[in-house]
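Please open the structure in your viewer and keep the selection tool at hand. We will go from stop to stop, with something to select at each one.

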Amino acid sequence: MNEAASADTGAPAGPTQDFPAFLDMGGRRVVVVGGASSARRKLARLVDCGARIEIIAPAPDEAMLACVAEHDLHLHQRDWLADDFRGVCLVVAASDDAQLDAAVANAAQAAGCWVNVANQPRISSFLIPSLIERSPLQVAVSSGGTSPVLARLLAARIDAYLPRTYGELGKLAQRYHERIRRKFGSPRQRRRFWEQMLNGRVGELILQNRPAQADTLLEQALQDTLGDADRGEVYLVGAGPGDPDLLSFRALRMMQQCDVVLFDRLVSEPVMALVNPRAEHIYVGKQRRDHAVPQASINSLLVSHARRGRRVLRLKGGDPFIFGRGGEEIETLAAHGIAFQVVPGITAAAGCASYAGIPLTHRDHAQSCLFVTGHLKDGTVDLDWPALARSRQTVVIYMGLVGLPVICQQLIRHGLPATHPVAIVSQGTLHNQQVLTGTLADLPEQVRREAITPPTLIIVGEVVRLREKLAWFETRA
Ligand code: SAH
């Protein structure tokens, strides 16, 4: 940051990194030189930290005067003097005059102060980072002065990712700090306890804004360190249709804090890559004919891992409550008194429709939309055909690839025209997404000719025609 400073102190040459630190400014003197917007921006941060702030500005603007009054700051309405920096901890030069600021920096450094100069990181001896506030937690981001814009962008990303309630975890730690210190003699035990609380159900309850329940559980854990808080929990999480960008923040959080993950074939590789790499990975995938792991065994795996006190991630393609048997799995958990939570995912219908440019409803073409399973059993598909073969609605068929010819025949037999539009989306939302469109009469033949890889989703309805105008995803490549 400050080449001049290191030359002065005779520090060894070569690239160095700034030393990140959080300073207790309570009662310390800070001088800000400048009376307009740059100085005000710097002040915004300083007024929160309890420093004794003096502002030196011969002609402060209206907003600065208001800021001085609001925060009860000390204003010297005159030019700065070298004497102003004696006994001062930090100096901020933000007068909007680069030469004046440089002179302030020189004088302040000569007086032994740390100096920040607005827009001149090279002559600053400390930088003010971009900040993400989750009081009492603070995350500071610095680019070492190379690009404040980049630092701000990164801070915005972290800000978006961190739950708003994250700071409440810090408040919980403050509330219980003393009792936990007394209860656990060794720092190691304390650390383990806190890790369990903050990473486990207590932490989750806090993030869900349920502090009373969190306190109850933590109290229990304090009474009995092998109590409820140590018991495991199951996260039933929807992984969406494939594109990892479609995961929810909550899904990602569960994925990163689990101890073990049970997943099947539908969960895409890019999504799996985001699961905690230290977690045990258990594949419980089902192939169409060959049920690799029977449902009952999956249910009991969930129970037994949770009973061992582990955080179990049950990761499911799409949404767990849409053709996902999520309901059955948590019924078992509920019956065994195991804690669980459910995180919705973007179901294949929503994901594939968006990425194929086919709106599922449309004022002119479809007032309703049905989701059905086209799973073939004994050569037939058991569906309410008269209800499906209606105009002005969209029908989305999951698991329908093998049954496609039967499905199209039945829809025609029950009254839809042979020219009715239908689309099939393969590997929806992934980079190799493929979409074929046609009619009830010709799509099965098209699918036979092309090599279509599962998973595939079928969309039947007038809305399919809109794809001609609205396709965006494949064309971007
Ligand atoms: N719970 C899942 C559905 C599970 S059933 C969800 O909400 O999406 C499995 C079926 O979902 C597959 O046979 C296929 O019809 C559909 N499917 C899931 N992901 C898909 C994808 N990326 N592209 C196309 N179809 C998909």
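In what order do the five strands of the open sheet with mixed pairing stand? Select them and read across: the order is S13-S14-S17-S15-S16. Keep in mind along the way that this is a predicted model.

**The mixed sheet**

Colour the two edge strands next, S13 (368-373) and S16 (434-439), each of which pairs on one side only. From one strand to the next, the twist averages 20°.

Now zoom in on S13 and its partner S14 (residues 393-398). These two strands pair in the parallel sense, over six bridges. To find your place in the pair, show Leu370 and look across to S14, where Val395 stands opposite.

H14 lies across S13, S14, S15 (421-426), S16 and S17 (456-460), and its direction makes an angle of about 75° with S17.

**Helix H16**

Select residues 404-413, which form helix H16. Which residues of H16 are buried? They are Leu404, Ile407, Cys408, Gln410 and Leu411. Turn the view until you look down the axis of H16: the buried residues fall within an arc of 165°, so they line one face of the helix.

To see what covers these buried residues, show H15 (385-388), S14, H17 (443-449) and S17, which are included in the cover. Then step past the end of H16 to Gly415, where phi is positive, near 120°.

**Stepping back to the domains**

Zoom out and colour the chain by its assigned domains: domain 1 (3-128), domain 2 (166-229), domain 3 (233-346) and domain 4 (357-476). How many Å separate the centres of domain 2 and domain 4? Taken over C-alpha atoms, the separation is 51 Å.

**The parallel sheet**

Our next selection is another open sheet of five strands, in the order S10-S9-S11-S8-S12, and here the pairing is parallel. At its edges stand S10 (280-283) and S12; each has a single partner strand, so one side of each is left without a neighbour in the sheet. Ignoring direction, neighbouring strands of this sheet are turned by 20° against each other on average.

Pick out S9 (residues 260-263) and S11 (residues 311-316), a parallel pair held over four bridges. Within this pair, Val261 has Leu313 of S11 opposite.

Go to the loop between helix H13 (326-335) and strand S12 (339-343), where you will find Ile338. Is Ile338 buried or exposed? Its relative accessible area is 10%, so Ile338 is buried. Setting aside neighbours within four places in sequence, show what is in contact with Ile338: Val234, Val303, Ala306, Arg307 and Leu333.

For a view along the chain, draw a distance from the C-alpha atom of Ile338 to that of Gly145. The two residues are 193 residues apart along the chain, and 50 Å separate their C-alpha atoms.

**Last stop: Ser38**

Finish at helix H2 (residues 37-46), which contains Ser38. With 7% relative accessibility, Ser38 counts as buried. Which residues is Ser38 in contact with, leaving aside its neighbours within four places in sequence? They are Ala94 and Asp96.

Note on methods:
Residues numbered from 1 in each chain as written. Predicted model: local features only at pLDDT ≥ 70, side-chain atom pairs only at ≥ 80, totals over all residues. Heavy atoms only, no water. Pairing = 2+ DSSP bridges. Axes fitted to C-alpha atoms, helices over the stretch in contact; angles between N-to-C directions. Contact = heavy atoms within 4.5 Å. Buried < 20%, exposed > 50% of the residue type's maximum accessible area, 1.4 Å probe, protein only. Arc of directions from axis to C-beta. Domains from an automatic or database assignment.
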